[in-house]
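Please keep the model open in a viewer and follow the selections in order. Each stop names what to select next and then describes what is there.

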Amino acid sequence: MVRFSLVSLPREALRGHTGWPRQWRRAEPKRRYQAIIVGGGAHGLAAAWHLARDHGLRDVAVLEKGWLGGGNTARNTTIIRSNYLAAESVALYDRALTLWPGLTQALDYNVMFSPRGVLTVATSPDEVREVQRRVYANRLAGIDAEWLSPKEAQAFCPLLRIEGGRWPVLGAALQRRGGIARHDAVAWAYARAASALGVDIIEQCPVTALRLDGGRVTGVDTARGVIEADAVALSTAAGTAGLAAGLDLPLESHVLQAFVSEPVKPALDCVLMAGGLDAHVSQSAKGEFVFGLPVGEGFGVIEKAAAGILDLLPTLSRLRLLRQWHGVVDVTPDRSPILGPTPVGGLSLNCGWGTGGFKATPAAGEILAHAVATGRPHPLGAPFGLERFAAGALIDERAAAAVAGGVR
Amino acid sequence: MTCRLPNGGRIDRSRKLRFLFNGTRYEGHPGDTLASALVANGVSLVGRSLKYHRPRGLLAAGPQEPNALFHVGFGPRSTPSMKATEVELHDGLVAVPEAGWPSLGWDFGRVADAVSGLWAAGFPYKTFKSSPRLWERLFEPALRGAAGWGSVPDGPDGDRYDARWAHCDVLVVGGGPAGLAAALAASADGARVILADAQNEAGGHLLHHDRAIGGHEALAWVADTLAALKDRPEVTVLSRTTVTMLERDGSALALERRTDHKGPQIGSFVPRQRLWRIRAGRVVLATGALERPLVFPGNDRPGVMLAGAVLAYVRRWAALPGRDAVVLTNNDGAYETAEALLDVGAGVVAVVDLRPDPPARLVARLAERGVEVLSGHVVVATRAGRRGITGVTVRALSADGTEVQGPARRLSCGLLAVSGGWDPDTALARQVGGTLRWDEAQACYITSTTPDFVSMAGGCAGTFSLHESLREGLSAGSDDPPPVPSVREPAYGTVRAVWQVPGRQAAFVDLQTDATAADIALAVREGFDHPELLKRYAVIGLGTEQGRTAQVNALGILSEVTGRHMADLAPTTARPPVEPMALGAIAGRAVGEFAAPRRLSPQHDWHAAAGAVFREEAGCQRPLAYPLPGETVAHAIERESLAVREKVGLHDAAPLGKIEVQGPDAGAFLDRVFTNGWSGLGVGRLRYGLMLTAEGSVLDDGIGGRLAPDRYRLMVGAPRSAAVIGHLKECAAAWPDLRVFVSDVTEQWATILLTGPRCRDVLGRLAPDLYLGARAFPFMTVQDAAVAGVPGRVARIGFTGELSFEVLVPWSRGMAVWQAALEAGAAFGITPLGLGAMEVLRAEKGFILPVQDTDSETTPFDLGYARLVDMGKGDFVGRSALEKVSGKGRRELVGLLTEDPRVVLPEGAALTADRAAEPPVPVLGHVTSSCYSPTLGRSIALALLADGRARTGEKVHAPLGLRTVTAVVAEPVFFDPEGRRRDG
């Protein structure tokens with residue numbers, strides 16, 4: 001790996017950038033690996049990097065069915081925050097939020113983490129109660145949470161209309177450390193760093209089934225042949241239920257849509273969330289307004305969200321929707337992920353993130369790597385095991401998981 | 001300098017339109033676009049590129065224009081990033097370029113071009129990594145400031161938008177020859193047809209191509225066809241209407257621009273734009289093809305323009321983009337541009353054709369007019385002055401197209417017309433799952449499969465011959481198409497695909513993002529060799545022209561660099577919309593007051609007149625309290641709640657959800673949705689119950705009455721009523737074995753609650769025939785009765801702990817009964833009470849409000865409502881989940897009494913066991929309801945608390961930032977726990 005430095009950059013600029021190598025090696029699948037991670041999204045790649053760096057496990061392959069980071073990594077709205085409700089979730093997401101600011105340096109790749117603050121506005125008394133409950137709980141958990149009056153919210157986010165619309169803003173919670181990052185770059189950064197440590201990243205290699213023997217996973221069947229492994233981790237979002245056949249996974253798949261506007265000069269300097277109005281908005285580094293929607297198919301979802309957005313941000317009315325897309329999210333009954341080892345020996349899971357996986361990337365990778373390397377749950381991941389559904393020890397984040405709360 | 005040709009063009013020269021561009025006044029004519037008017041006025045510099053701030057001119061004449069992006073209009077009616085080619089000129093139009101500081105002509109940002117080597121593909125990922133602080137404070141703001149084109153208008157939108165729904169047998173998209181033919185054939189036998197054309201006039205490419213149909217000028221055929229369509233009553237022709245989204249069920253979204261071409265419509269009620277939601281039986285796509293530029297060194301100068309665009313400006317708008325043109329082409333099409341330029345006396349220096357053997361007949365025709373054709377040649381460099389291109393350097397192209405060779409020839413020119421072939425516009429077909437294949441002969445991607453309801457005709461299907469386009473259009477419109485008229489048109493010929501031309505100057509692929517051929521090579525070198533990765537890393541096709549000019553060229557270069565065949569690459573997924581749509585147009589009328597309906601009770605006007613302060617609950621406007629003059633809301637709530645405990649109160653409960661459950665199996669149905677038994681309920685009796693989610697948590701509570709053996713009516717709280725009705729309907733559908741209907745009758749019944757020790761006196765006057773004694777009319781029963789002469793129903797139920805009667809009368813009579821109750825109660829001190837007092841009264845009694853006092857984990861056991869769960873009765877929703885719930889650590893409903901009785905805990909406050917711990921502190925629970933109880937003379941609160949009932953008598957703490965409130969855990973019933981007051 002050529003470091004991106006003050007030496008290499010001008011040198012390459014002068015010689016027409018002809019000296020840059022591939023950011024991740026092109027690897028041919030070997031017959032066997034110590035560990036295989038299925039799914040070359042940001043989570044899977046992060047896990048591979050942590051395996052190699054933290055656990056010294058470098059005989060690792062990441063198998064991606066299409067192109068790197070082409071699933072929900074490429075489709076999410078990149079919001080990063082940790083102001084969840086349950087202590088377990090706060091610990092998990094805040095671990096990620098403590099890793100985000102240093103990620104660029106750790107990976108020698110600018111992932112453009114931008115801690116611009118996440119403002120959650122409340123537009124009904126019920127929402128005020130719910131959002132304040134989270135603020136109080138977050139403060140006790142020791143993470144930054146502020147409650148702003150409508151005027152303070154407007155001062156923080158001048159585009160925000162607090163009265164005169166259909167729904168008055170009654171207050172807002174603010175997590176200043178939250179923000180956004182460049183989603184694609186996160187996948188590429190982990191891929192480059194993991195590859196440099198010896199991890200094989202194999203694109204266009206769909207896994208068709210797990211190979212099991214006596215209650216243990218022994219490898220995977222792929223479109224490019226059988227690959228054996230001592231440990232396999234599934235980090236395949238909505239593809240998980242099909243691959244982990246045999247395990248009873250309480251996952252529902254839902255369509256989630258998002259859209260961006262034409263790029264404009266900086267106008268919105270924070271992430272704005274409004275659960276009650278079914279929308280969240282931020283402005284990307286490219287200048288596009290990025291809109292996240294509640295789960296659901298069809299134009300009706302966009303239409304409803306537009307009405308809510310324009311009530312809060314009326315000056316966006318003439319801004320134009322440039323591109324709309326959707327992905328499929330896998331949702332658990334308690335809106336918390338499934339993370340860690342399973343009853344199948346050697347098999348670990350990382351799924352069920354619903355609409356909120358991107359923000360957890362650095363922590364999800366670390367925790368999954370721990371499970372793969374040791375076969376035991378990471379302390380932060382322990383409450384998120386699959387067994388919690390049988391035990392009834394749910395970690396309910398239906399309200400705090402923002403737009404996923406709309407799922408019934 | 002005027003570049004308007006003395007005659008010709010589809011403009012109305014009898015009228016002048018004045019407009020302001022970049023601070024300078026210009027004139028144009030009706031029929032002009034902003035772009036054509038700028039061309040006619042000799043304006044060549046229209047923008048600056050995003051990254052290198054290079055001067056840019058118009059490239060296109062249609063939706064693929066990447067450079068001419070203007071902020072059009074001013075104030076709250078202005079729109080950022082409008083393509084000049086899509087803005088129709090109107091008098092008084094104001095347009096400001098989106099780029100250039102301090103000015104478009106002298107842009108300080110040009111320094112970026114001097115060090116362009118630093119900004120190659122992926123540069124942001126490799127740089128600005130020194131520290132998070134520097135990134136946040138310095139680099140990120142600089143990077144963000146450099147991105148984006150327009151700016152957000154600084155006020156709310158001054159215009160209105162609306163929506164229309166339409167159904168048709170055939171939706172035809174595109175008003176060119178193929179689309180017109182399809183509409184004509186489809187409507188011949190009376191089918192309902194909608195023809196949507198994005199342009200201001202129909203005709204498509206016939207507006208600038210010199211063709212004949214049926215022996216006459218093609219535009220005469222267009223006019224005749226339009227006239228015929230307009231005579232057919234079932235045909236709707238929508239102009240200025242872009243079909244932007246198509247779905248697999250045949251529904252389409254089309255945006256009709258109604259006033260943009262007229263300018264600001266101040267004071268008018270005509271909506272600016274209308275969004276059509278069209279349900280079509282069949283869809284004919286006739287969206288044409290878009291010309292592709294060529295990627296060669298120096299290809300981004302002002303004065304480098306698509307050959308088809310040059311032709312359109314000259315023929316359609318009589319505007320000359322430049323004199324002494326060089327035409328650079330890889331196909332026959334651009335020869336028509338050369339001839340058109342000669343026709344208007346603009347001069348053509350040479351035609352440079354990449355093909356070694358262009359058709360002899362074309363070469364001969366130009367030779368006759370003194371124009372040399374340089375076959376097998378290509379432009380390898382361009383030169384420019386202040387006004388744009390001044391010359392090109394031409395060299396021969398090697399046989400394999402990868403190298404240039406031979407002597408360099410310098411040609412002076414004032415215009416470079418470029419054609420790299422034509423890309424069928426397949427965006428809509430791809431939105432519904434259409435797939436593409438590479439057509440080697442025509443060097444373009446064409447659709448190979450489309451869903452059954454979609455047919456494609458003309459250029460969008462890769463059919464570039466007019467005759468064949470008409471044939472396809474007619475056949476797409478009808479199974480029995482009329483004969484295809486004869487046409488006069490040139491042969492289309494062959495295309496030589498050359499994806500990039502080597503040279504020292506930068507060769508741009510995406511003019512909007514400044515991505516070059518070298519950027520693609522770099523991206524591939526670094527491993528970004530999948531089209532999707534390339535698009536993201538090198539930023540290609542992500543601009544506002546949505547990749548129309550860049551995408552296929554990028555794939556071509558990718559195929560060359562990687563050695564993969566075009567057939568093995570595919571354009572990235574087509575994302576809707578086809579044309580950007582204003583958020584306002586999407587929201588339509590659902591803005592401001594219309595963003596969501598306000599549901600009003602039949603007594604709403606009375607409440608307003610009585611000075612009520614309203615609170616919205618699930619869309620319902622409910623009185624929170626009725627403050628007297630000089631009284632605060634808090635005081636009003638105290639007064640109103642005391643009146644209920646002492647005398648009698650009157651509450652408007654119209655928003656309560658009312659649900660009828662009917663059918664022979666209604667009882668069995670309710671047994672399955674409630675945790676307790678309902679089938680055994682006697683007629684005339686009421687019951688309270690809980691409904692659960694499949695996960696075992698409380699969905700809602702409700703009170704229901706059995707009105708007849710096969711008929712129940714439920715009443716549920718307003719906040720969840722929509723969810724509950726949905727849930728019940730879903731259950732009814734899921735259990736086909738049960739014969740049951742669920743109907744929402746919320747807005748059929750006004751509901752008036754009389755509550756308080758004197759309410760029997762009041763109701764006695766209103767319903768003199770009714771026996772109201774505790775025996776004759778016991779608690780939890782319901783009777784039919786006339787109240788104030790209005791036939792209705794009276795239920796002995798309330799939510800306050802006092803003697804109460806709920807009166808249900810038809811919605812339209814609500815006000816009459818309310819008024820009668822006020823008059824009848826005057827002697828007893830009747831007091832109207834709002835939601836605020838109701839919440840105090842119910843909290844004093846510890847009655848829960850689902851949503852507020854529960855969360856998505858709360859079970860009936862957690863609420864202390866085990867008596868409402870009948871595990872012996874068979875299955876019910878949530879039962880299996882309830883069986884799994886373990887006892888330890890559950891958050892249970894408790895009461896809280898603050899140590900200082902004057903302190904009211906905030907709702908939502910987190911509770912801890914330890915008063916002074918440092919975070920992270922374990923949270924035991926939270927306050928769900930909290931208020932000051934005037935009856936008790938102290939604050940009370942309800943909370944969900946871990947192992948709460950076992951903690952009764954213990955202290956818990958609510959850290960609130962600056963202070964910590966301590967409270968004692970208590971029973972959740974604060975007032976009259978024995979229920980003595982219920983019977984009055």
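The tour goes from the whole of one chain to its contact with the other, and then to individual elements.

This is a predicted model, in which local features need pLDDT of at least 70 and side-chain atom pairs count only at pLDDT 80 or more, while totals for chains, interfaces and linings use all residues. Residues are numbered from 1 along each chain as its sequence is written, and chains are lettered from A and ligands numbered from 1 in the order in which they are written.

**Chain B as a whole**

Begin by selecting chain B, whose C-alpha trace spans about 115 × 70 × 55 Å along its principal axes. Chain B has 23 helices and 51 strands, where helices (H or I, at least four residues) and strands (E, at least two) are DSSP runs numbered from the N terminus. Of its 984 residues, 56% count as buried; a residue is buried if 20 or more other C-beta atoms, placed from the backbone, lie within 10 Å of its own, exposed if 12 or fewer do, and partly exposed in between. Among contacts in chain B between residues at least 6 apart in sequence, 66% join residues at least 24 apart, a contact being two residues whose C-beta atoms, placed from the backbone, lie within 7 Å.

**Where chains A and B meet**

Now show both chains: the contact takes 73 residues from chain A and 83 residues from chain B. On the side of chain A that touches chain B, the elements that give two or more residues are α1 (8-14), α4 (87-107), α5 (125-141), α7 (183-196), α9 (299-312) and β16 (320-331) of chain A. Which of these gives the most? It is α5(A), with 10 residues. The residues of this side of chain A divide into 38 nonpolar, 17 polar and 18 charged, counting Ala, Val, Leu, Ile, Met, Phe, Trp, Tyr, Cys and Pro as nonpolar, Asp, Glu, Lys and Arg as charged, and the others, Gly among them, as polar.

Then select β16(A) together with strand β32 (residues 581-582) of chain B: two bridges join these strands, which run antiparallel, and two strands pair if DSSP finds at least two bridges between them. The bridge partner of A:R320 in β32(B) is B:A582.

Three bridges join β5(B) to strand β6 (residues 79-83) of chain B, the two running antiparallel, and B:L69 has B:K83 as its bridge partner in β6(B). These two strands form a hairpin with six residues between them, and B:G73 in the turn has a positive phi of about 90°. Three bridges also join β5(B) to the antiparallel strand β7 (residues 93-97) of chain B, where B:P97 stands opposite B:F70.

Next select B:G62, in the loop between β4 (55-56) and β5 of chain B. Is B:G62 buried or exposed? B:G62 is buried, because 21 other C-beta atoms lie within 10 Å.

**Helix α8(B)**

Select helix α8 (residues 333-343) of chain B, which is mostly covered, with eight of its 11 residues buried. Its buried residues pack against α7 (307-317), β18 (325-329), β19 (348-353), α9 (360-368) and β24 (415-419) of chain B. Just after α8(B), B:G345 takes a positive phi of about 75°.

Finally, display the open sheet of six strands in the order β42-β43-β44-β41-β35-β45 (chain B), in which the pairing is mixed. Its edge strands, β42 (782-787) and β45 (831-832) of chain B, each pair on one side only. Seven bridges join strand β41 (residues 749-755) of chain B to the antiparallel strand β44 (residues 804-810) of chain B, and B:A750 has B:V809 as its bridge partner in β44(B).

B:V633, B:I637, B:E640, B:S641 and B:V644 in α17(B) meet B:G836, B:A837, B:V840 and B:L841 in α22(B). The residues of this contact divide into six nonpolar, two polar and one charged.
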